[in-house]
Amino acid sequence: MAASRSCTLRFMILFSIASFLYQSCYSFLSPPSSIINPSKVKQVSWKPRAFVYEGFLTDLECDHLISLAKSELKRSAVADNVSGKSKLSEVRTSSGMFISKAKDPIVAGIEDKISTWTFLPKENGEDIQVLRYEHGQKYNPHYDYFVDKVNIARGGHRTATVLMYLTNVTKGGETVFPEAEESSLHTTPAKDDLSDCAKKGIAVKPRRGDALLFFSLHPNAIPDPSSLHAGCPVTEGEKWSATKWIHVDSFDKNLAAGDNCMDSNESCERWAVLGECSKNPEYMIGSPELPGYCRRSCKVC
């Protein structure tokens with residue numbers, strides 16, 4: 001009997017040690033920044049497919065993205081539906097900038113986390129765009145997929161958007177889907193808590209650290225009209241957000257082989273760091289038929 005108890009005790013000790021070593025190795029091999037907790041994800045809508053991850057970013061990550069962006073902000077632009085060129089418009093009145101991929105360990109960790117949650121490759125994503133909305137600033141209803149040929153030359157359509165809220169907003173600043181069908185699993189915020197703009201559809205209130213994932217294409221890659229969305233005007237306070245657009249194909253891949261892998265302007269490298277590869281792809285990257293002027297710095301060849 002004593003021998004049996006001794007064997008049992010030794011087994012329990014060895015099992016505990018093995019479990020501890022396994023958990024330690026697992027934690028070491030899996031960066032904390034890329035671990036996803038499915039219980040924090042809430043479905044917002046099924047048309048379009050939209051979900052909110054509560055507490056996706058830490059306070060440190062939110063503050064870090066804001067600090068990187070503050071000194072680089074410029075007036076936000078939109079893509080022209082015919083030419084694909086970036087242009088200023090009253091449709092979008094925020095200011096913003098792009099943070100290059102894997103700029104530092106914190107940014108790289110956020111990108112790892114986005115890829116883990118969405119099950120979409122990191123190379124399909126654009127640089128993270130950080131936006132600031134001051135009082136009265138907004139983004140009118142729009143689609144994230146493109147209707148011009150220039151912007152889909154690199155990576156195809158945008159299939160998914162991850163919108164991360166970096167600050168709380170006192171009033172306004174909601175993301176609203178005017179054409180969406182609400183999920184039975186979604187808890188609608190009280191109407192008194194929403195701005196007039198947000199009451200025109202299914203709305204998500206900006207809460208620091210939360211992330212909204214929605215898909216602009218159906219699973220068969222056809223554009224989803226119900227993905228129409230808007231950024232409501234900020235009526236009190238200030239709104240900071242960070243957006244990762246993800247394409248159906250690699251956003252980093254070589255568009256054309258041969259002698260087109262070159263920079264034709266001495267400022268290309270600096271422009272690429274400032275995010276011009278994403279903001280002005282027609283000039284910087286071009287297309288297979290008409291290569292751009294900064295292909296090497298944009299790392300597409």
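**Cysteine pairs and one asparagine**

Student: What makes C232 count as buried?

Tutor: C232 has 1% relative accessibility. Buried means under 20% relative accessible area, exposed over 50%, and partly exposed in between (1.4 Å probe, protein chains only), so C232 counts as buried at 1%.

Tutor: Some ground rules: this is a predicted model, where local features need pLDDT of at least 70, side-chain atom pairs count only at pLDDT 80 or more, and totals for chains, interfaces and linings use all residues. Residues are numbered from 1 along each chain as its sequence is written, and side-chain values use heavy atoms, with hydrogens and water left out.

Student: How do you know that a disulfide joins C197 to C232?

Tutor: The S to S distance is 2.1 Å, and a disulfide is a pair of cysteine sulfur atoms within 2.5 Å, so C197 and C232 qualify. The structure holds three disulfides.

Student: What does the C197 and C232 pair tie together?

Tutor: C197 is in the loop between strand 12 (181-182) and strand 13 (202-204), and C232 in the loop between strand 15 (229-231) and strand 16 (234-236), so parts 35 residues apart in sequence are tied together. Helices (H or I, at least four residues) and strands (E, at least two) are DSSP runs, numbered from the N terminus.

Student: Why is C197 called partly exposed?

Tutor: Its relative accessible area is 21%, so C197 falls in the in-between class.

Student: Why is the disulfide of C268 and C294 called left-handed?

Tutor: The torsion about its S-S bond is about -65°, so it gets that label. C268 lies in helix 4 (residues 268-273) and C294 in the segment after helix 6 (281-284), so this pair ties together parts 26 residues apart in sequence.

Student: And what makes C268 count as buried?

Tutor: C268 sits at 0% relative accessibility, so buried it is. C294 is buried too, with a relative accessible area of 0%.

Student: Where does N124 lie?

Tutor: N124 lies in the loop between helix 3 (105-118) and strand 7 (128-133).

Student: How do you know that N124 is buried?

Tutor: Its relative accessible area is 7%, so N124 is buried.

Student: What makes the S250 and N124 pair a polar contact?

Tutor: The backbone nitrogen of S250 lies 3.3 Å from a polar atom of the N124 side chain. A polar contact is a pair of N or O atoms within 3.5 Å; within protein, one must be able to donate a hydrogen and the other to accept it, and residues adjacent in sequence count only if both atoms are side-chain atoms.
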